[in-house]
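Hi,

Here is the structure I promised to pass on.

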Amino acid sequence: MNNIEFNTSFLKQSPTSFHNRDFQYFLKRVPEDFLVEEVPKFYKPSMKKQIWHFQLCKEGMTTSEAITNISNILEIPENHIGYAGLKDEDGVTSQRISIQSLPNNVDINAINSRLDMASGKWLSLHKIGYFEENIKIGQLVGNSFRVVIRNLHNHIAHTLAKQSSHNHAFINYYDTQRFGVPGGPSTTHLIGQSFHQGEWEKALLLVRESASPEAQAAQKWQGKPVNFFHQLDPRRLSFYYASYGSYQWNHLVAQEFQRDHEGLRVIRSSIPYILPNSYSDIMAFAAAMPWYPFSRIEIIDGKKTEKQSLRPTVVHTYVKIVELTDDHEFPDRSSLTVEFFLPSGCYATMAICQFVYLANAHTTL
């Protein structure tokens, strides 16, 4: 198995980048480089129940942070706001949310005007209409992406651009966003592990250092550590538990892959991954083990519940090549704009990581 040595300071600046000889790329140089639009499940319109659905567009904040901001502005509990999936703060994202018990006299335009889009940290709400049900976690089909891949070797970029689209398959790892926020340590899985072990003081210390939406509140907390977590939105507790499960899933799936195949070991923001060296290895792995079990812990009505589900080990998508240009951000390099769709729970950054690596592995420079 090959190993890559990374420049640690470079990783801190850009956890979604590689920089090793000719295998290089850079994502999210500017927010507009990474556009995400959620594809929701079908919702039935209803004038009877009058549950408002909105399109939430944002930049520079996580979905959790956006929900907190909206609840503060509207002066309603966070659990009155429903959402299907978590979207990164690095990029411009669009997703549907629901708000119950919304006052009739609320001026949405007034809410949007309070946020400065020029600041790089903003959100906006746009009314969709009345629907029968609130939106819940997991109620989405997937996400569509338009991504600019920068700092590509010219020959690699031009080789990829010779085809208008690529049939791409990749190991369905949870990527670094699952384990921390940009600029902060990758420790959400360690917080979830502390929950499992009942080490609430350790969990509180990790949250204080995490740069997460609740980090500031954790730094000011004076009571018992366990009480801090019990007063959080249950969806946040579920997220930390799920992060620990995600880390375990990555590790076990990588182990299964290595039983019959070699791969490239890489470290992304302190999280280890094994990248396949060929599509034939990926397809053989998918045939031998199409699914791998995942244990999901959720907090429902104040109680911890555990559910077993199956997660696909390999995901297929079509990567459409939109534009090839000289990269003005990186001299003598190329940038490639691509579009693709991924089912719910998959990571675009991981899809691109393996897309670029496999292109590099099979192109003679």
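This is a predicted model: local features need pLDDT of at least 70, side-chain atom pairs count only at pLDDT 80 or more; totals for chains, interfaces and linings use all residues.

Residues are numbered from 1 along each chain as its sequence is written, and side-chain values use heavy atoms, with hydrogens and water left out.

Let me start with Arg311, which sits in strand E14 (residues 303-312); helices (H or I, at least four residues) and strands (E, at least two) are DSSP runs, numbered from the N terminus. Arg311 is buried but has no salt bridge. Buried means under 20% relative accessible area, exposed over 50%, and partly exposed in between, with a 1.4 Å probe and protein chains only. A salt bridge is a side-chain nitrogen of Lys or Arg within 4 Å of a carboxyl oxygen of Asp or Glu. The nearest side chain of opposite charge is Asp175, 9.9 Å away (Lys and Arg count as positive, Asp and Glu as negative; His and the chain ends are not counted). What the side chain of Arg311 does reach is the backbone oxygen of Gly345, at 3.1 Å. Leaving aside neighbours within four places in sequence, Arg311 has contacts (heavy atoms within 4.5 Å) that include Tyr174, Trp249, Trp291 and Tyr347.

Next, Tyr247 in helix H9 (residues 234-258). Tyr247 counts as partly exposed because its relative accessibility is 28%. Beyond the neighbours within four places in sequence, Tyr247 touches Phe179, His189, Ile271 and Pro272.

Pro276 belongs to strand E12 (residues 271-276). With a relative accessibility of 1%, Pro276 counts as buried. Again leaving aside neighbours within four places in sequence, its contacts are Ile171, Phe257, Ile282, Gln354, Tyr357 and Leu358.

Finally, helix H2 (residues 63-74) has 12 residues and spans 16 Å from first C-alpha to last, close to the 16 Å expected at 1.5 Å a residue; that expected span is 1.5 Å times one less than the number of residues. Which residues of H2 are buried? They are Thr63, Ser64, Ala66, Ile67, Ile70, Ser71 and Leu74. These cover an arc of only 160 degrees around the axis, so they lie on the same side of H2; the arc is that of the directions from the helix axis to the C-beta atoms. After H2 comes Glu75, with a positive phi near 60 degrees.

Best wishes

Definitions and conventions
A polar contact is a pair of N or O atoms within 3.5 Å; within protein, one must be able to donate a hydrogen and the other to accept it, and residues adjacent in sequence count only if both atoms are side-chain atoms.
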